[in-house]
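Here are my notes on this model, in numbered points. Please read them with the structure open.

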Amino acid sequence: MNLLNIISYILGLSFSLFLSFVKIILVIILAAMAYFKGYNPWIWGGLTLILPWPVPIFTLIIMSYLPKKYPKLPKEIRQNPAFEGKNPVIASIMALCAMIAKADGNVTKGEIRFIRQFIKGHFGISNEEMNTYEAAFNYGKSHPEDYLFFTDIIFGYYRTRRDYVMALAYLFVGVAMQEGESSTAKEAQTKKIVIALGLSEYEYQALRMAFQRQSGGYEQSYSGQGFSQYSNQEDLVKKYTQVLGVREDASMAEIKKAYRKLVKEYHPDKLSSGSVPPEYIEFANQKIRDINEAYEYLEKVKGGK
């Protein structure tokens, strides 16, 4: 083998290794996209890995244009006429709203108006399309025990968009509090739904406070029944770690990670589309202030440790 052949072999091997490296990167990217869109990442990643060039490029392009896949309701609900042919996310939201509104035995016009305005704005649908979800709403009124089926749909669809989940939790709390202070039955139903969506007790109480027109700032703090003054460092650490969703013994690295995640979720740019009511934007802005204050305090207390 002469020198020219050796050089050609090395260059060919290097190029093959480079293409293999690029293909692995494409596999990772496409599998991640498939997962976040609700498709099987193993199938799409596997196809990208075994298919020859330039097919992996085309599979990536195809995936980028595929719409996000909706989770499926259980078969017995999916085949119910109230849900056949309906967007499962909107139908689930309507059913959950109905469970809350009906919890005290009476659905009011104010509750209906609040639900319709929120969903029309959030999803950009017309009055006529809203009317097609009336049957899903009626199903929710008479089947409150099925709430986990519907929270699973919402949680599954928005698993990477916690800001959307918070906005919907705001809707559910708002339905419960349209007539002022919610009844015990409405509060119990709402709390079950909000917690099932992955929100914390603190976040649930903060949403309630937003409707009670309380400040929600850190002159007040969560106590399980509302907010009360804290007087020592131990209590303040407990309060601020609740806000950031970390353990009281969390390291500064964990606190910083949680802080950055929450700031990203409540960033004003995510709320500028007009898909959520102004009141929620006000609540989210207050949350940003609270999150910043919590981080600043914990950084001061734990930063040197």
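1. A word on terms: helices here are DSSP runs of H or I with at least four residues, numbered from the N terminus. On that basis, Tyr295 belongs to helix H15, residues 278–302. Keep in mind that the model is predicted.

2. Is Tyr295 buried or exposed? Its relative accessibility is 10%, and the cut-off for buried is under 20%, so Tyr295 counts as buried. Leaving out residues up to four places away in sequence, Tyr295 touches Leu244, Met252, Ile255, Lys256 and Tyr259. Take Met252: 43 residues separate it from Tyr295 along the chain, yet the two C-alpha atoms are 9.6 Å apart.

3. Phe21, Ile24, Ile25, Ile28, Ile29, Ile43, Leu47, Leu49 and Ile50 make a nonpolar surface patch of about 860 Å². Two elements give two or more residues to this patch: helix H1 (3–36) and helix H2 (41–50). H1 supplies the largest share, five residues. Phe21 is exposed at 54% relative accessible area, because the exposed class begins over 50%.

4. The unreviewed UniProt entry annotates residues 7–36 and 42–66 as "transmembrane region". Such annotations may be inferred rather than shown by experiment. In the model, residues 42–66 are 80% helix and 0% strand. The end C-alpha atoms of that stretch lie 17 Å apart.

5. Helix H9 (residues 147–157) deserves a look down its axis. Its buried residues are Tyr147, Phe150, Thr151, Ile153, Ile154 and Tyr157. They fall within an arc of 150° about the H9 axis, so they line one face of the helix.

6. Charges next. The whole structure holds six salt bridges. One of them joins the side chains of Asp104 and Lys186, at 3.4 Å from N to O. Asp104 lies in the loop between H5 and helix H6 (109–123), and Lys186 lies in helix H11, so this pair ties together parts 82 residues apart in sequence. How do the two ends differ in cover? Asp104 is partly exposed at 39% relative accessibility, whereas Lys186 is buried at 2%.

7. Helix H11 also pairs with helix H12 (residues 201–211). Glu187 forms a salt bridge with Arg208, with the closest N and O atoms 3.9 Å apart. Glu187 is in H11 and Arg208 in H12, 21 residues apart, and the pair links distant parts of the chain. Arg208 is buried, at 6% relative accessibility. Glu187 is partly exposed, at 25%.

8. Glu201 is in helix H12 and Lys191 in helix H11, ten residues apart. Both ends are partly exposed: Glu201 has 24% relative accessibility, and Lys191 has a relative accessible area of 29%. Elsewhere, salt bridges with shared partners join Asp104, Glu111 and Lys186 into one network.

Note on methods:
Residues are numbered from 1 along each chain as its sequence is written. This is a predicted model: local features need pLDDT of at least 70, side-chain atom pairs count only at pLDDT 80 or more; totals for chains, interfaces and linings use all residues. Side-chain values use heavy atoms; hydrogens and water are left out. Patches are made of residues with over 30% relative accessible area and no salt bridge: like charges are joined within 9 Å, nonpolar side chains (Val, Leu, Ile, Met, Phe, Trp, Tyr) within 5 Å. Accessible areas come from the Shrake-Rupley method with a 1.4 Å probe; for residues, only the protein chains shown count as cover. A salt bridge is a side-chain nitrogen of Lys or Arg within 4 Å of a carboxyl oxygen of Asp or Glu. Buried means under 20% relative accessible area, exposed over 50%, partly exposed in between (1.4 Å probe, protein chains only). Contact means heavy atoms within 4.5 Å. The arc is that of the directions from the helix axis to the C-beta atoms.
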